[in-house]
Every structure is written in C-alpha cells, then in structure tokens.
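Have the model open in your viewer and keep the selection tool ready. We will go through it stop by stop, with something to pick at each one.

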Amino acid sequence: MRQPSVISRRVAAVAVSVVLASGAAACAGPEDAGAKSGTSGKGSSAPQKGGTLTVLNAEAQTDFDPARLYTSGGGNVPSLVFRTLTTRNREAGAAGTQVVPDLATDTGRPNKDATEWTYTLKDGLKFEDGTPITSADVKYGIERSFAAELSGGAPYLRDWLVGGDTYQGPYKDPKGLASIVTPDPKTIVFKLRKPEGEFPFVATQTQFAPVPKAKDKGAKYEEHPVSSGPYKVVRNENDGERLVLERNEHWDPGTDEERKAYPDKIDVRSGLDEAVINQRLATSSGADAAAVTTDTNLGPAELAQIGSDKALAARVGTGRFGFTNYIAFNPKVKPFDNPKVRQAISYAVNRTSVVNAAGGSALAEPATTFLPEQEAFGFTPYDHFPAGKTGNPEKAKQLLEEAGFPNGLTVTLLHSTAQNRTTSPEIATAVQEALGKAGITVKLDGQEPNSFNEKRWSVKDAPGFFLSRWGADWPAGGPFLAPIFDGRQIVTNGSNYNHAQLNDPAVNKEIDEINKLTDLKAAAARWGALDKKIGEQALDVPLFHPVYKRLVGKDVKNVVISDWTGVLDVSQVAVK
Amino acid sequence: MTTPTDTPAPVAGIPATGAARQVWRRLRTRPAALASLAVLLLLVLLALAAPLLAALEGQDAYAYHDDLVDSARGGVPYGSFGGASADHWLGVEPGTGRDLFVRLLYGARISLLVGIGATVVQILIGVLVGLAAGLGNRWVDTVLGRATDVLVALPMLVLAIALTAVVPRDFPRPLLLILVIGFLGWAGTSRIVRAQTLTLKSLDFVAASRLAGSGRWRTARRELLPALAAPVITYAAILVPTNIVVEASLSFLGVGVTPPTPSWGQMLSTAQTWFRADPAYVLLPAGLLFTTVLAFTVLGDAVRTALDPREASRLRVGTRKESSR
C-alpha cells in the first residue's frame with residue numbers, strides 16, 4: 001500500500017527511533033523512586049526559583065532543531081525550549097504516562113473514525129521575541145520536518161497525513177501540506193489517511209513545536225531555534241555538545257501547567273564518559289552539587305558500591321521506560337519452524353541468570369510478556385510457557401523429544417559484542433548456560449553492533465535465533481506491537497522489526513481495529529489481549545524489562561520520574 | 001610492539017655443542033632467573049592440570065551460581081574477597097557466580113597457548129625470511145626488506161581486530177589468534193636473523209663449508225642455523241610476554257577468544273568497572289597476567305645474558321659484574 005521507497009525510508013527512521021527511544025528515555029528525566037516518593041535529594045524545604053542546573057551527559061544534544069529531533073514525548077532538554085500541541089503529564093509513575101494539553105487547550109478532538117484531529121491554541125502564547133504563536137507556525141514547523149535536509153524525526157506523520165508520503169517540505173513545495181488546515185490563527189486540523197486513535201501521543205513530539213517562518217534558516221536553524229518554552233538557547237557549541245539555556249521572558253507560566261522551570265539557567269555539558277558522570281554526581285563538589293544527568297544510568301558495579309552508602313543511595317532515582325529485551329525467533333529457519341522447539345526454549349530459559357547478567361534485580365525485571373508491565377501499554381499478565389525463576393529443563397527436554405529431537409539439538413544464537421547488557425555476550429552466555437541444561441547446545445555468534453543490527457533487521461539474512469529489543473515511541477500498545485507483529489510492516493528492502501515475519505490476517509485486522517479507538521483505556525485493554533494471544537505462538541521469549549537507576553547531585557530537589565520516560569524530568573528539577 | 005630496539009647482539013659463532021649445558025650453568029647462578037623459571041613451570045603445570053584441579057575443587061568453568069551473587073546490588077558476590085569460600089577458592093565472578101579459580105586456570109591455557117604458539121609462528125617465519133634475505137641476492141634482500149618494513153609500519157592491533165572480525169566464527173579462536181599474531185609479528189625476528197646471517201656469511205667456518213662444496217641451503221642448515229640459535233632463542237623469550245599481552249588486549253576488546261571461554265584479557269575487560277566494588281575480581285587476572293609477563297621477561301633477559309659471548313668471556317677472565325638485569 002505504501003511505495004517501497006517510502007517504506008524503506010520510514011523503516012530507516014524507525015531504526016533510528018529504536019536507538020533514540022532508549023536515548024530519549026534516557027533523555028526524558030530522572031526522578032526518584034517512582035510514584036512512591038515525590039521528592040528526592042536532600043533538603044525537605046519547598047523547591048525555589050533560581051540557581052543554575054548543570055546537566056552532565058554522555059551524548060550531545062545534536063541537531064537541536066524541532067524538525068530533526070526524534071523524541072519520546074518531546075524529549076527532556078528539548079522540551080525546555082520547544083512546546084508542542086500536547087505533551088506528557090509531568091508526574092511521577094503511572095500518572096506520567098498520560099498525554100496532556102500543552103500549546104493546545106485539550107489533547108485533540110477527533111472526528112468519528114479518528115481520521116481528523118482538531119486542536120485549538122491557548123491564549124497568550126508567545127515566542128521568545130514576543131511575537132504571538134499562531135496555528136500557522138505549528139503547521140510550518142511540521143512541514144519543515146518533511147524537508148530532506150531536516151531529516152531525523154519520527155516517521156509517523158509521513159505515513160499518517162494525507163499526502164505525507166510525497167510532500168517534500170516547504171522549501172521545495174511552499175504551498176504546504178493540504179492535509180494540515182488552519183482555518184484561523186488559533187485552530188489547526190490534521191487530516192489522516194487512516195484512523196489513528198493515538199494521534200495525541202504523536203502530537204507530543206518536537207515536530208509539533210511552532211517555528212516562525214520569518215526566522216527559519218533551514219539547516220542552520222538548530223544553532224538558535226526560536227523558543228516557545230520557559231528557556232531560550234543562548235549558547236550552542238559543537239552541535240549541542242554544550243548548550244546553555246536561560247529564561248525566556250516571554251514564556252507565560254499561566255499558559256503552561258507542566259513545566260515548573262525553577263532554575264534560572266541550565267547548562268548542558270556533553271561528551272563525558274559515563275563513569276565520570278556518575279563519579280561527579282556522587283562526589284557532588286562545586287557546580288556538580290546542582291547537577292543531574294538525562295542519559296547516564298548507574299551500572300551494576302556502581303550500584304554495588306552505592307549499596308553500603310545510605311546518603312548516596314537516597315540520591316538514586318528509579319524509573320521504568322517501556323522497553324523489552326527478548327529472544328527473537330525466525331520461524332522461516334529450521335528448527336525454529338517447529339513451535340515445540342520454540343516452546344522448549346521458552347521453558348528452558350533461566351530468567352534469574354539473565355537478570356543477573358543484565359545487572360541484577362535492581363536494573364532489570366524478568367519478563368514473560370512482550371508488553372512492558374505498565375497499564376498504559378495494556379499490560380495483561382501471561383506466562384504461557386512457565387519457566388519459573390530458574391528455568392524448567394525437564395519440560396523443555398520433553399518438548400524436544402516430542403519435536404523429534406530426543407538427543408537434544410545444536411543451535412546458533414546471534415548476539416552483539418556491544419557492552420550494553422541487553423544484546424551483549426553476558427546475556428547470550430546466560431541463555432546458553434540455561435539451554436545447555438535442557439540438552440540444547442547453543443553456539444554463540446557475536447557480531448559487532450553494526451553487522452549485528454544489519455543481520456537481525458534483514459528479512460533475507462536474519463538467523464533463526466537471536467537477541468533483540470524494542471522500546472516504544474510513546475507509552476501505548478500501538479508502537480510496541482504493530483512494528484513487531486503487523487504483517488504489513490515486514491520490510492524486505494530495509495530494516496525489518498517483524499522478526500518472526502508474522503503475517504496473520506486476524507492480527508493485522510485487530511491492529512487496524514484498535515487504531516480506530518480514541519478511548520485510550522479501551523485500546524490499551526485490546527492491545528494487552530492481543531499481546532497475550534500472539535504470545536501463545538511462542539514467536540519470541542521475553543527476557544527482561546530494564547530499570548533505570550540514576551544519581552542526582554546533592555542539592556537537587558523535586559525529582560520527578562514518570563513511567564513515560566523512566567528518567568527525571570528536567571523541567572521539574574529545582575536547585576534551590 | 002614487535003621490535004624492541006635493544007635486542008641482544010650476541011655475536012655469532014658460539015660453538016653449538018654444549019651451548020645448552022653452558023647456558024643452564026650460567027642461569028643456575030641467577031636466582032631471579034631460577035625463580036622466573038619456577039613460576040613459569042608452575043603456571044604451565046597448573047594450566048595443564050586445569051581439569052584435574054577443577055575436579056578437585058568440584059567446580060567447572062561455565063556453571064552459573066545465581067545464589068552466590070547479590071542480585072539487588074548489581075550482582076556483586078556475597079561474602080568477602082569476591083565470595084571466596086571452601087567451595088570457591090578464589091571467589092566467583094560478579095553477575096554470574098561462575099567459579100574464578102577454574103576460569104583463571106582455563107584462562108592461563110589460552111594465554112600460554114596463544115603466547116607461545118604465536119611466538120613459534122613468528123620465529124619460524126622470521127628465521128626463514130631473515131635467512132633468505134641474508135643469503136639471497138640483492139634483489140631478494142630488497143624485496144624482503146621492504147616487506148618487513150611494511151609489516152613494522154602496520155598498526156598490529158588494529159589489523160588484528162580487523163582480521164579476527166572477518167574470519168568466520170566457526171574457525172577455532174585460539175588457532176586464529178596464534179595465526180594472526182604470528183603472521184603480523186615476525187618482522188623483528190627476520191631483521192635480527194638477516195643481520196646475523198650477513199655477519200656470519202663472511203666468517204671462516206662458513207666460508208670453509210662453502211669451499212668444501214656444500215650448497216647454499218646446506219650451509220644455511222648445517223652452519224648458520226645452529227649459530228643463529230642464540231639470538232633467536234633470546235628474542236623468542238622476549239616475544240612470548242609481548243604476545244600474551246596482545247592476546248589479552250584482543251580479548252579485552254572483544255575480538256579474542258569468544259565467550260564463554262575464559263581468558264585473562266576478557267576477564268580484565270569485564271572486571272574494569274568492578275575494581276571498587278569487588279577488587280578481587282580485578283586483582284586476580286591482573287596479578288596473574290603481570291606475574292606471567294614479568295617471569296617471561298626476566299627469564300628472557302637472563303637467557304640473553306647467558307648466551308652473550310662477551311658476558312661469557314668476562315666470566316672466564318674473572319671480571320664478572322652484576323650486569324644487566
């Protein structure tokens with residue numbers, strides 16, 4: 001239904017999305033022990049305005065242009081500068097997975113079949129130069145993201161908007177995109193080519209930030225993008241390696257219920273070694289006392305060290321981002337065409353060893369479902385092939401015998417050599433060890449990350465058995481299940497994420513049906529049921545969901561970690 | 001990493017017969033050399049006896065022990081000194097609970113096998129190329145000399161990473177490492193052999209052999225090779241520790257032996273983040289690697305001194321000084 005070129009392009013973008021999703025999750029913001037404790041850090045006094053917040057990061061804020069950023073929910077640092085039609089609810093835990101209005105007065109008004117979405121802008125919205133924000137600016141911002149020179153954003157709009165697959169952006173096509181209509185300066189209407197009940201989630205991405213046409217400098221706009229949020233860019237060095245933000249005087253807190261904007265200044269420094277970031281936050285000397293990180297987790301050894309230090313442990317925030325690490329099967333390859341073999345492996349897996357390999361129970365939680373364990377995703381518990389805590393080799397052996405392998409079998413597991421504790425040798429050897437007990441000899445095929453990804457994303461060359469992972473662009477079942485199990489999203493000439501190459505008309509139809517729902521709760525329940533149903537086929541073995549542990553400096557207050565991002569929200573942090 | 005410039009210059013011409021006995025006699029008088037030798041013999045013995053010792057401890061190199069690590073604290077082993085106990089003599093690996101004693105022993109096998117195997121390959125190629133360059137005509141000498149120069153100029157580690165990455169995974173990794181390190185690291189040997197050969201060529205006993213009607217290669221085999229033994233053995237003793245370090249570096253970078261096969265380099269790689277939380281895990285492989293490399297280096301130096309005819313003459317006339325260490 002889509003043209004091949006569009007598909008491959010879209011897929012490439014999705015590939016990036018997966019990478020960035022985890023980065024974005026990392027980017028979204030730290031918080032402290034989930035919903036349970038509202039504030040972390042020391043000092044029980046109420047957060048005050050003022051001071052400088054330092055952000056110590058590994059990755060630079062590259063291409064700081066709203067058209068080019070690939071974020072989950074608008075990102076963490078980007079969201080300080082770019083307001084979007086909707087945004088994520090800046091609350092801890094599950095409440096943080098909700099979409100709330102930002103520039104718009106509500107999260108969007110759909111027509112009957114969810115193919116048309118209407119938004120009205122709030123009153124009193126202004127850019128950093130004082131000029132009012134109009135619906136035309138929002139439309140222009142979205143149109144820019146279609147320009148080839150401003151690539152990088154999520155692929156959804158290109159796929160969803162009528163004419164989105166052929167539009168070339170406002171520089172080549174100044175007439176604009178007819179499917180975005182602005183009847184007046186306050187109203188904007190989106191016309192989609194198919195029902196998309198989760199459109200309000202996509203409207204949180206930075207492509208929905210307003211861009212004044214008069215100030216647009218094309219690819220150079222990223223050096224000084226015009227702010228609509230509480231901070232404006234005053235310095236941007238080395239493509240986002242150092243970013244200094246100061247207050248935008250024209251931002252009216254009365255129009256923004258989400259961003260607290262306590263610090264006067266935010267200094268983002270990147271290109272740092274992860275161990276250095278954690279060491280600096282732990283030491284908290286000088287400016288580092290008022291520092292956070294939006295992309296660096298604590299590793300297992302660092303956690304082991306913190307374990308005995310109560311003061312330090314109190315400064316660790318815990319968060320969950322919708323993410324699943326799993327073993328993927330390609331049933332086109334023998335012997336994985338046999339469901340009994342796949343089930344045997346499901347039974348044999350020892351999730352305790354795997355979780356330990358991933359950094360222990362503080363950094364990973366065993367998974368038996370493909371969907372993350374959050375209501376927003378529609379989490380519906382199931383464990384079709386119960387392996388218990390440490391695996392069930394007896395049951396696995398029995399299934400192997402039924403499958404015609406009474407003497408066990410030898411298979412090869414593809415994994416990456418990256419030190420990421422998700423698709424890395426540690427996880428692979430833990431799987432190997434557990435399967436060995438069930439008579440399955442696993443040979444390991446470790447590849448460097450690029451060739452690993454090339455192989456697992458290829459329909460032609462994908463092996464039968466490999467480690468994989470998936471994170472969602474927003475907390476709902478759609479972006480989690482559709483790319484993995486929708487038969488129409490099998491990509492033959494690009495990056496394919498439907499590893500099982502499942503093309504089941506019933507599954508495809510159900511995905512279409514759920515996409516029509518605008519009641520997100522009802523949709524979530526349907527996604528959960530679909531996940532449970534697909535799980536019966538043993539097309540994958542869910543292994544674990546990661547948990548993020550992050551340190552903050554000792555003077556940092558009001559740490560809020562939502563389940564949307566799993567990391568502290570910079571817009572909520574105070575340093576006074 | 002391949003050509004120490006301060007290489008021995010033992011001048012050729014030591015009578016081949018009795019050389020070994022003579023070397024041993026001189027080594028015996030050096031406590032450091034004897035200690036190194038003892039350490040190395042012990043290591044080889046331990047490596048060879050790894051399966052026996054593993055059985056004695058009652059552990060194997062691959063079994064996971066999830067109950068021995070504190071999952072809530074990143075998988076750090078329970079107990080002090082990395083979880084050392086009567087069951088696990090040197091503790092267990094963080095995250096997996098695999099027995100460190102057995103893994104270190106099996107790691108010694110890889111280190112010694114690759115270190116010595118690669119040295120054999122380097123010496124074989126180096127001697128052949130060096131002899132051919134020294135005995136061949138000007139044209140042969142130039143071509144081989146340039147080839148050696150090119151090899152010296154190549155960044156060995158980078159090339160080794162590239163090579164080990166393209167070879168199919170089924171190829172036995174230790175053998176692959178031996179070949180890669182061996183074929184990339186013979187330049188130093190060949191240069192020394194060539195230089196020695198040129199010197200020897202003009203000496204009387206070689207000329208006599210030629211005059212007696214021996215062919216070029218027969219002369220090489222009968223007269224030159226024995227005379228080359230001293231510098232070559234010396235150089236080999238220096239190459240072994242270098243090769244062990246290269247293997248460790250490659251495994252450290254994830255392109256050496258593949259998991260779950262234990263190797264010291266790989267252990268160091270995973271251990272580097274643990275040095276505060278679980279120092280034992282870092283100190284054990286690091287200490288073993290250090291000890292092995294030091295022992296080989298000290299022994300190599302002692303052999304060099306023992307084979308040095310100038311040193312020998314000093315001994316004979318009683319002017320012995322506590323020389324180079």
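Domain bounds, as used on this tour, come from an automatic or database domain assignment. Bear in mind that this is a predicted model.

**Stop 1: the domains of chain A**

Colour chain A by its three ranges: domain 1 takes 1-59 + 271-319 + 550-576, domain 2 takes 63-229, and domain 3 takes 323-546. Now keep domain 2 and domain 3 of chain A in view. Their centres, taken over C-alpha atoms, are separated by 34 Å. Where they touch, 14 residues of domain 2 of chain A are in contact with 13 residues of domain 3 of chain A. On the domain 2 side of that contact you will find 6 nonpolar, 5 polar and 3 charged residues.

**Stop 2: a sheet in chain A**

Zoom in on strand 5 (residues 116-120) and strand 7 (residues 187-191) of chain A, an antiparallel pair joined by 5 bridges.

**Stop 3: where chain A meets chain B**

Bring chain B into view. How many residues of chain A are in contact with chain B? There are 28, and they meet 23 residues of chain B. To find the chain A side, select helix 7 (300-306), helix 10 (351-357), helix 12 (425-436) and strand 16 (440-447) of chain A, the elements that give two or more residues to it. Helix 12 of chain A provides the largest share, 6 residues. Colour the chain A side by class and you get 10 nonpolar, 14 polar and 4 charged residues.

**Stop 4: chain B and its helices**

Chain B has 13 helices and 2 strands. Of its 325 residues, 46% are buried. Among contacts in chain B between residues at least 6 apart in sequence, 72% join residues at least 24 apart.

Select helix 3 (residues 50-57) and helix 4 (residues 100-135) of chain B. Their axes come within 10 Å and cross at roughly 180 degrees, which means that helix 3 of chain B is roughly antiparallel to helix 4 of chain B. Show the contact residues: B:Ala50, B:Leu53, B:Ala54 and B:Glu57 from helix 3 of chain B, facing B:Phe101, B:Val102, B:Leu105, B:Tyr106 and B:Arg109 from helix 4 of chain B. By class this contact has 7 nonpolar, no polar and 2 charged residues.

Residues to display include B:Ile233, B:Ala237 and B:Ile244 of helix 10 of chain B, and B:Val293, B:Phe296 and B:Gly300 of helix 12 of chain B. The residues of this contact divide into 15 nonpolar, 4 polar and 1 charged.

Note on methods:
Residues are numbered from 1 along each chain as its sequence is written. Chains are lettered from A and ligands numbered from 1 in the order in which they are written. This is a predicted model: local features need pLDDT of at least 70, side-chain atom pairs count only at pLDDT 80 or more; totals for chains, interfaces and linings use all residues. Two residues are in contact if their C-beta atoms, placed from the backbone, lie within 7 Å. Helices (H or I, at least four residues) and strands (E, at least two) are DSSP runs, numbered from the N terminus. Ala, Val, Leu, Ile, Met, Phe, Trp, Tyr, Cys and Pro count as nonpolar, Asp, Glu, Lys and Arg as charged, and the others, Gly among them, as polar. Axes are lines fitted to C-alpha atoms, for helices over the stretch in contact, and angles run from 0 to 180 degrees between N-to-C directions. Angles under 35 degrees count as roughly parallel, over 145 as roughly antiparallel, 65 to 115 as roughly perpendicular and the rest as oblique. Two strands pair if DSSP finds at least two bridges between them. A residue is buried if 20 or more other C-beta atoms lie within 10 Å of its own, exposed if 12 or fewer, and partly exposed in between; C-beta atoms are placed from the backbone.
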